[in-house]
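Me: Hi, I'm new to this one. Can you walk me through it?
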Amino acid sequence: MRGLAILCLLAAVGCAGGDDDGGGGGGGGDDGGDGDSATDGAPPIACDDEPEHAGEGTYYDADGTGNCSFDASPDDLMVAAMNQVDYDDSAACGACAAVDGPAGSVTVRIVDRCPECPQGDLDLSPQAFEQIAELSAGRVPIAWRYVACEVDGPVSFHFKDGTNPFWTAIQVRDHRFAVASLEARLVGGDWTPIARENYNYFVQADGLGEGPFDLRVTDVHGEAIENIDIVPDENVTVAGDGQFPACE
């Protein structure tokens, strides 16, 4: 069985708030020690309130794909493209944001980048935009903040097409909070950080071998999950060993 260890990398945990394979928006590694197991039933971690961002909301023809390199999600179109600054070299990918507009609120998952959008702006899918304003408005003032994504089950790791023992590209999926870092450990080795690309894959340019190897993923709150004996393959998704604990 795979093992799981979760660790807190910060002495005082606090809430915060990396060339392209995907398109832009249309409209408009830290070490730590072993800790307790992380599961969906773990008690919420204490953290400060997320800061609120202000800007403008627009919409574009979103389908769940984009600069974050996620698959299309026709059954979940509550998605958005993040402005260039807050996209932060793909650090925002997969995070969820609660958005308040003139006529309501909606929670969206970040799947794309809007290069022309000023800091604070979000480019929403039409389905999400119409939860906060009439589509005819086109552009409206918004306020938003990062929140936990509603996820079931563990985090997962998608290995990009072309992955092989000599070039390894890994995308973290199904995470409750934004991912801060990914590290790998070969048999008998130490944890080594993997660089994150703008298109939301962590890429080891000289590969990680045939595996198995361990992966340690850390979220923006400093919570980490060690995933043991991961076996890579081209264009496959592998379930991890746990989920980030909730934040209250």
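Me: Which strand gives the most to the lining of the largest pocket?
Reply: That's β5, residues 104-114, with 3 residues in the lining. Strands here are DSSP runs of E, at least two residues long, numbered from the N terminus. The model is predicted, so local features need pLDDT of at least 70 and side-chain atom pairs 80 or more, while totals for chains, interfaces and linings use all residues. Residues are numbered from 1 along each chain as its sequence is written, and side-chain values use heavy atoms, without hydrogens and water.
Me: What volume does the largest pocket have?
Reply: About 510 Å³. Among the 20 lining residues, D76, R109, E150, V151 and D174 are the closest to its centre. A pocket is an open set of points on a 1 Å grid over the protein atoms alone, where a 1.4 Å probe fits, with protein on both sides within 12 Å along at least five of seven lines; lining residues have an atom within 4 Å of a point. The volume is the space filled by probe spheres set on the points, which are joined across faces, edges and corners.
Me: Where is D174?
Reply: In the loop between β9 (168-173) and β10 (179-185). D174 isn't a glycine, yet its phi is positive, about 60°.
Me: Is S69 buried or exposed?
Reply: Buried, at 16% relative accessible area; the cut-off is under 20%, with exposed over 50% and partly exposed in between, using a 1.4 Å probe and protein chains only. D174 is partly exposed, at 43%.
Me: New topic: which residues does the cis peptide bond join?
Reply: G211 and P212, with omega about 0°. P212 sits in the loop between β13 (202-204) and β14 (213-219).

Methods:
Helix = DSSP H or I, 4+ residues; strand = E, 2+ residues; numbered from the N terminus.
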